Amino acid sequence: MSQQPTRQPNAFKSLQVQLRKAPLWARTLTGTAVIALVGGVTLSVVAEPQREAVQLAQAAAPSSPAIALPLASGKADAAPAAPAPDVQTAALAAPAPQAIKGFEMPADFIPANSEGSTENAPFGRIKLAALSNGQQAIDGLGGNLPAVAAWYGKSPEELTTLLRSDNTVFVDTRGRLLFIDAGAGKADVSLKDAHTHHVSDANMGVTEAGDKATIGVPSTGGAPFPLDQTFALHSRSSASRIIYLNFKGEGAKPAFDLDKLPRSFSAVEQAMIQKIWLRVAEDYASFDVDITTEAPSSVVGKTGVTILITSETSASGGYAYLNSFAAFKASPAPAFCFQNNLANAEKPIAECLSHELGHTLGLHHQSTSAQTYYGGAGDGDTGWAPIMGVSYYKNLTQWAKGEYAGATNTEDAYAVMKKQGLPARVDDHGNTTATASAMLLSQANGLANLSRTGVIETPTDVDVFSFVAGAGAISLTVAPSNWSGNLDVALELRDASGKTVATANTLDKLDANISAKLATAGTYYLFVKGAGKGDPKTTGYSNYGSIGQYSISGKAPLKLK
């Protein structure tokens with residue numbers, strides 16, 4: 001761990017100036033550790049009543065000293081005299097190893113190697129004194145470092161660099177790697193999705209197999225589904241891969257709890273559990289995996305991972321063992337999210353779950369040289385952040401491959417997760433007019449009501465739908481999930497000859513709408529795909545992460561017989 005922060009006098013005015021440049025969430029959070037790189041120094045701004053919860057934090061950039069500045073008293077210590085650059089986002093810090101004391105996995109637990117195998121692991125011969133990170137972890141591994149590095153697909157130099165540059169990476173007493181991640185703090189940082197559409201057809205919220213889906217489920221204050229389904233939710237029950245969201249506790253580790261009545265789940269708690277599940281299910285909707293709140297009755301032939309959402313008090317937001325997606329076991333869980341440091345709120349808990357699950361699937365942090373967790377760019381509906389960065393504060397959170405400025409991690413998330421056993425789903429709709437799926441059609445008031453649902457499984461996927469319409473005005477809307485939708489939609493409408501009739505890709509919205517006038521009656525084709533926005537090196541993002549669920553609704557003239 002790093003040394004205790006060094007106090008420096010007279011920083012308050014300088015700090016105020018720099019915080020005004022920070023994002024709105026960084027300026028408005030109270031009771032939360034807000035860490036920003038200013039003039040080469042990491043400033044940790046901590047509201048006095050919550051200082052105890054975050055005093056274990058250390059700077060995300062090891063070369064930058066941490067300075068704790070109390071705000072409650074109106075007094076502050078000195079800031080460095082060096083001019084400060086603009087603050088792009090707050091860089092969160094890692095908690096100390098004590099944050100998860102007692103949560104180390106059993107000695108017989110073997111994480112997969114970089115190719116997804118557990119054969120000939122080196123961990124049986126390793127026995128270290130304690131959980132450690134940074135130079136202490138490097139020194140502790142000693143002569144075992146090359147073998148551990150090779151297991152995780154790295155050279156000794158690469159593992160050494162990782163341990164020195166990312167202080168959220170720890171080595172347990174058996175030499176296994178895990179990430180101990182910062183949380184969102186105790187303030188109410190929940191963020192409602194900016195888009196509020198929903199499809200009126202109740203069946204749009206259910207897949208063909210009868211499993212629940214996030215598309216078409218209205219955003220409401222109550223539970224989206226009947227309460228007796230809270231602990232029986234499945235996104236893809238036919239899959240042999242399972243991600244079990246355990247809200248019920250594990251042994252002595254307590255369950256999810258909002259009302260301090262740990263042996264029961266209130267209607268409010270069950271509503272939040274359902275909404276958290278909806279968000280995580282969307283993040284993994286494009287993959288062949290069942291996101292479920294129900295522990296499997298049989299694990300034969302199943303692979304996957306359990307993650308525990310617990311009311312246990314912790315200085316971390318969550319943690320996960322790298323590459324722990326393997327032969328499925330309901331317990332012990334190799335990944336946790338601690339609700340007390342996630343504002344006890346729907347969105348931060350869901351973002352933590354998807355992030356920690358990403359680590360179990362081999363993913364590292366989306367970062368920069370100054371930020372352990374990259375916080376994204378933009379605001380509103382298309383305010384973007386990577387799931388493997390810090391995604392608590394943006395509406396659009398996606399899988400990423402480091403296309404933003406200053407990225408230090410450019411791993412292909414999909415390729416890494418596939419090696420760890422999580423492939424994309426089989427394409428649900430054809431990519432050409434010859435293989436197009438027919439739009440569902442019903443008649444009302446002399447018009448054809450069109451609808452369909454689907455999933456964009458990969459960045460290159462295009463789903464094509466056919467329908468017959470008469471001449472006249474047509475309107476088609478395609479929308480992503482109501483619950484933290486990952487898909488930024490782009491549309492193209494073509495006629496039977498292949499001529500483009502209209503296109504749509506709304507700049508500041510994830511939905512897309514085509515309103516056009518059809519010159520003649522006939523067969524038409526709607527092309528649906530994922531889109532990006534602007535320049536990923538500045539305030540935009542590519543279409544790499546634009547995958548996920550969508551719903552189509554629209555009206556067209558009936559073709560007269």
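Helix 4 (residues 134-141) and helix 6 (residues 156-165) pack against each other in this predicted model. Their axes come within 7 Å and cross at roughly 145°. Axes here are lines fitted to C-alpha atoms, for helices over the stretch in contact, and angles run from 0 to 180 degrees between N-to-C directions. Helices (H or I, at least four residues) and strands (E, at least two) are DSSP runs, numbered from the N terminus. Two packed helices are described by the angle between their axes and the distance between the axes.

Which residues of helix 4 and helix 6 meet? Helix 4 brings G134, Q135, A137, I138 and L141. Helix 6 answers with L159, T160, L163 and R164. By class, this contact has five nonpolar, three polar and one charged residues. Ala, Val, Leu, Ile, Met, Phe, Trp, Tyr, Cys and Pro count as nonpolar, Asp, Glu, Lys and Arg as charged, and the others, Gly among them, as polar. Contact means heavy atoms within 4.5 Å.

Stay with helix 6. Its residues L159, T160, L162 and L163 are buried. They cover an arc of only 160° around the axis, so they sit on the same side of helix 6. The arc is that of the directions from the helix axis to the C-beta atoms. Buried means under 20% relative accessible area, exposed over 50%, and partly exposed in between (1.4 Å probe, protein chains only). The cover over these buried residues includes helix 4, helix 5 (145-151), strand 5 (169-171) and strand 6 (177-181).

Residues are numbered from 1 along each chain as its sequence is written. Local features need pLDDT of at least 70, side-chain atom pairs count only at pLDDT 80 or more, totals for chains, interfaces and linings use all residues, and side-chain values use heavy atoms, with hydrogens and water left out.

Next, the disulfide. A search of the whole structure finds one. C337 and C352 form it, with their sulfur atoms 2.3 Å apart; the cut-off for such a pair is within 2.5 Å. The pair links distant parts of the chain, 15 residues apart: C337 lies in strand 12 (residues 335-338) and C352 in helix 8 (residues 346-360). The torsion about the S-S bond is about -100°, so the disulfide is left-handed. Are C337 and C352 buried or exposed? Both are buried.

Now look at K401. This residue lies in the loop between strand 14 (396-398) and helix 9 (413-419). K401 is partly exposed, with a relative accessible area of 31%. K401 and G545 are 144 residues apart in sequence, yet 8.7 Å apart in space, C-alpha to C-alpha. Leaving aside neighbours within four places in sequence, the contacts of K401 include Q366 and Y544.

Turn to the strands. Strands of a sheet pair through backbone hydrogen bonds, either parallel or antiparallel. Two strands pair here if DSSP finds at least two bridges between them. An open sheet of five strands has the order 15-18-23-20-21, with mixed pairing. Strand 15 (437-438) and strand 21 (500-504) are its edges, and each pairs on one side only. Strand 20 (residues 489-495) and strand 23 (residues 522-530) run antiparallel, joined by seven bridges. There, E492 has F527 as its bridge partner.

Finish at strand 24 (residues 548-557). Eight of its ten residues are buried. Ten bridges join strand 24 to strand 17 (residues 447-456), and the two run antiparallel. Strand 19 (residues 472-480) also pairs with strand 24 in the antiparallel sense, over six bridges. L476 has G554 in strand 24 as its bridge partner.
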